[in-house]
Amino acid sequence: MSSYRDDLAQEVQLIRNADDRAAEYLRQIGQRRVFPSDESLAGLAAFDEALPEHGKDPAEGLALLDEKGSPATVATNDPRYFGFVIGAALPAAAAAERLMLSWDQSASLFLGSPVAAKIEKIAANWLLEILDLPRESAVGFGTSATACTLACIAAARRSILARQGWDVDDNGLTGAPEVEIVISETAHITVKKALRVLGFGLKRIHVVPCDPFGRLDPSQLPPLSDRTILVLQAGEVNTGEFDAFKDIVPLARAAGAWVHVDGAFGLWARASSHAHLTEGIEQAESWTTDGHKWLNTPYDCAMAICRDADALAGAMNSDAVYSSASPDAQKNLTLEFSRRPRGIPVWAALRSLGKAGVAEMVERHCSLARQIAEGLEDAGFTVLNRVVLNQVLACATNDEETKAVIRAAQDSGEMWFGASVWQGRAAFRISVSSWRTSAPHVEKLIALMKEIRRQQSQ
Ligand SMILES: *Cc1c(COP(=O)(O)O)cnc(C)c1O
C-alpha cells in the first residue's frame, strides 16, 4: 500500500508536470493557428474511449489532454484573437488561479475560507473605486454576466414588489402586481435569457427602438414608473456604443424606476480616459460587468453590483441553520452556494495592473480598434460603426463577399474574428480585448485583410 507521503510526492510531480505543460503551451501559442487545423480537430477522436472500469494513470491522462487537447484549443490566450470580446488571461490572475487550485476553497462564507472572504472584500472595494460606483454597493462575484444580471434583476423585482406591499419570497408571483420590463432593441441575448428565466414573458417586455448607432432612443421610451425595471447598456456587442445614461437615468430615477446596466465589457471604459461615455451611469441602481472579458481574468468571473446592498443580499440569501453568515458573505450575494473564490483573480488582476495599467490597457485597445477601422477603410472595406470603443464592425461590398472575407480570415490561421449581422447586413466584428494585443499584431491583421481584399477583387 502506498503511504500518504508517497501519494503526496506523486501529486506534486503531477502538478509540476501540468505546470510544465501549461508553460510550454503558452510558449508555443504564437506559432500555431489561432483556430485549430483540421488535423488537430481530427485528433480529438483520441478522447472517444469507454468510461474505464478501473482508474488510469493520471500522468498518462494529462499527456493525452495536452497532446490531443492543447492543439484543439482556440488560441484565445493569444494576441491574434479578435473574436467576441473574449480577452486573454493576465499572468497575475492565471497564477492566482493555479495556487487557488491547491487551496481548494469553498468560498461561500468566512468559515469556509477566511482568506477568500478577506480578499474578495478588498477586490469588491477596489472594483467600486476603479469603476467609480457608489461605495456602499454590494458586489457579488458570480460566474458570468448572465448569472449576475439575473441576480440583479431578481433583487430589483423583489424590492419593487416589496414597495408595493408584496412579499415575493413568501407569495411568489401569482397574483403579484405586475413589474414592467423595458429594454432596448439591442439588449444582449443573455439579458433576455435572464428575464425569461425569471418569468418575465418576452412578449410582455417593452422593447425600445434604437438610433442608427445602436443606442436606445430616449424619445421612444414608454412611461416609466416605480414598477419599472429599465435595463440599459454600456457597450453594445456589435458597435461598442453606450446608451445615453446622463439623459435617461435621471428621468427613470425621477419616475421611481430601477435602472440596471449591462456593462459586461463596456463598464471598463469608466476606468479610462473614455469614462465620459459612461456619464450618469453611477446613478443607476445595479450594474453587471465581467472579469473574464476586458479585465482579462480567467473564466468564470463576473460581478453583480447593487447600490442597495440589502436588496441583493435579500434576494440571494441562502442562510441555513448550519450555515448562517453575514449579509455580505458571497453565498448571500450570488446564485451559487458552494463556489470558488473568483474575486481573487480580480484582486490579482487589479493589483498587477493598478489603476494606470487598467486605463492603459483599455485606451490601447480603443486606439488599436480605431487603427483597424482606418486600415480596413484603406483596404476598401466599409466600417459600419463609429468605433467609440474596442469594437470594429465592418463589411465588404455585399453579404456574399463579407462571408467570404470572414472565411478567408478564419482559414488563414493567423487571426480569428467572427460574423454578425447589423441592420440586416452581413458584417464582421473585430474586438480588441486581449492584454497581449499591441500595434504589431494589429498591423499584421490589417496587412492580412488587405491581402484578402486584393485576392477577392481579382
Ligand atoms: C458577453 C456579454 C454578456 C454575457 O456575458 P457572460 O459573462 O458571457 O454571461 C452580456 N452582455 C454583453 C453586452 C456582453 O458582451
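Which residue lies over the face of Phe381? Select Phe381 in this predicted model, and you will find Arg453 over the face of the ring, at 5.1 Å from the ring centre. For another arrangement of this kind, select Phe213, where Arg386 lies over the face at 3.6 Å from the ring centre.

Select Phe84 and Trp416: their ring centres are 5.9 Å apart and their planes meet at 25°, which is under the 30 degrees needed, so the pair counts as stacked. This pair links distant parts of the chain, for Phe84 sits in the loop between helix H3 (58-69) and helix H4 (91-103), while Trp416 sits in the loop between helix H12 (399-412) and strand E10 (418-422), 332 residues apart. Phe84 counts as partly exposed, because its relative accessibility is 45%, whereas Trp416, at 11%, counts as buried.

Finally, select the ligand and the 13 residues around it, of which Ala145, Thr146, Asp262, Asp290 and Lys293 come nearest. By class, this shell has four nonpolar, six polar and three charged residues. Look for an oxygen atom of the ligand 2.8 Å from a polar backbone atom of Ala145, and then for a ligand oxygen atom 2.8 Å from an N or O atom in the side chain of Asp290. At His292, a polar side-chain atom lies 2.8 Å from an oxygen atom of the ligand. Taken alone, the ligand exposes 380 Å², and the protein buries 87% of that.

Terms used
Residues are numbered from 1 along each chain as its sequence is written. This is a predicted model: local features need pLDDT of at least 70, side-chain atom pairs count only at pLDDT 80 or more; totals for chains, interfaces and linings use all residues. Side-chain values use heavy atoms; hydrogens and water are left out. A residue is near a molecule or strand if one of its heavy atoms lies within 4 Å of it. A polar contact is a pair of N or O atoms within 3.5 Å; within protein, one must be able to donate a hydrogen and the other to accept it, and residues adjacent in sequence count only if both atoms are side-chain atoms. Accessible areas come from the Shrake-Rupley method with a 1.4 Å probe; for residues, only the protein chains shown count as cover. Ala, Val, Leu, Ile, Met, Phe, Trp, Tyr, Cys and Pro count as nonpolar, Asp, Glu, Lys and Arg as charged, and the others, Gly among them, as polar. Rings of Phe, Tyr and Trp (its six-membered ring) pair if their centres lie within 6.5 Å; planes under 30 degrees apart count as stacked, over 60 as edge-to-face and the rest as tilted. Helices (H or I, at least four residues) and strands (E, at least two) are DSSP runs, numbered from the N terminus. Buried means under 20% relative accessible area, exposed over 50%, partly exposed in between (1.4 Å probe, protein chains only). A charge sits over a ring if NZ of Lys or CZ of Arg is within 6 Å of the ring centre and within 35 degrees of the ring normal.
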